[in-house]
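Hello,

Here is the structure I promised to pass on. Please open it alongside this note.

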Amino acid sequence: MALKLEEFGLSGSDAENVCYLRDLADANRLVNVMKSCSGGNAVVIGGGYIGMECAASLVINKINVTMVFPEAHCMARLFTPKIASYYEEYYKSKGVKFVKGTVLLSFDMDSNGKVVAVNLRDGNRLPTDMVVVGIGIRPNTSLFEGQLTLEKGGIKVTGRLQSSNSSVYAVGDVAAFPLKLLGETRRLEHVDSARKSAKHAVAAIMEPDKTDEFDYLPFFYSRVFTLSWQFYGDNVGEVVHYGNFSGTTFGAYWVNKGRLVGSFLEGGTKEEYEAIAKATRLQPVVEDLAELETQGLGFALAVSQKPLPSTPVDGKTVPGLVLGKSLYPLHATAGVILAASIAAFAYWYGRRRRRW
């Protein structure tokens, strides 16, 4: 469930021109309020997914938008400052204003109970015709407290998405499941995870003997204005940006403990998005960050076009494509070297196609 303003001691959160986006009824209400405010002002509280996507929709509907959030930049849980700067500048070119580093303090109301201004902790007062609240969610697990095992704010499940009561399955934002790729339990808040975990749970119920454990590659995406980005994996470790941040196509890799663990791309083609997804799942070794920056998107494309071998690491077999310093003639061109392989494993990864 979405967090509401009254949970922070703010009155007026139920005013007719204060909008949330939690369900279909909220969405319909938001559309109606937008239609009544064309040419007016809107304040968007929050700089995450809901805030950014709602702000774009408001602008398209000819509403002047000011975004307010406490972080240093938008999408702070995912974007690096450099990536965030690109999107903030693009939004500014569309007329969006940003007020960062502060939070909502109170509302000014008129005699009809409508919000007419937003007061911020930093002393700013923003006249407005509507408010959109996108300050996050909290999984609604209260019904299951004392009945199911809870973890990371959600319902702990197995790789088959079964809770501590084997007859109860949990999927989507509320499920804390084993993320095999990263070797830890995660709870993910995005539509792709919700859809795929639900599909897997149904398969586990209907055909338990034919269903393996849920092996999910974290995937986040957004499409606003003419922009379209995708992210796969985990945004931990050292960041390597690549591409033209003054143009339309750029990205970033995250390298942790010598392996590629996360990939971001703006303005890619279907094939390029599939390439960064495959590269992230394979987690190739990266020894030279400068070389990775030089190769940029080409590195993911090279990985995706080759059946990958496996190399033993600490007694385990793991994908073994290495990007290191230019020690071999071909390495300077391709940036990769092939090691000994397990044919079946390589064939499965090499032939696998991922949907966008």
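My findings follow, from the whole chain down to one residue.

This is a predicted model: local features need pLDDT of at least 70, side-chain atom pairs count only at pLDDT 80 or more, and totals for chains, interfaces and linings use all residues. Residues are numbered from 1 along each chain as its sequence is written, and side-chain values use heavy atoms, without hydrogens and water.

The protein chain has nine helices and 21 strands (DSSP runs: helices are H or I, at least four residues; strands are E, at least two; numbering starts at the N terminus). Of its 356 residues, 49% are buried (under 20% relative accessible area, 1.4 Å probe, protein chains only).

Now the core. The largest nonpolar core has 78 residues (a set of buried Ala, Val, Leu, Ile, Met, Phe, Trp, Tyr and Cys residues joined through side-chain atoms within 4.5 Å). Met67, Phe79, Tyr87, Met130 and Phe264 have the most contacts inside it. Another core lies apart from it, with 16 residues, including Val43 and Leu104.

Phe79 touches His73, Cys74, Ala84, Tyr87, Trp229 and Phe264, leaving aside residues up to four places away in sequence (contact means heavy atoms within 4.5 Å).

Last, Glu274. This residue sits in helix H5, residues 270-282. Glu274 is buried, at 12% relative accessible area. Its side chain makes a polar contact with the side chain of Lys270, at 2.7 Å (a pair of N or O atoms within 3.5 Å; within protein, one must be able to donate a hydrogen and the other to accept it, and residues adjacent in sequence count only if both atoms are side-chain atoms).

Best wishes

Note on methods:
Buried < 20%, exposed > 50% of the residue type's maximum accessible area, 1.4 Å probe, protein only.
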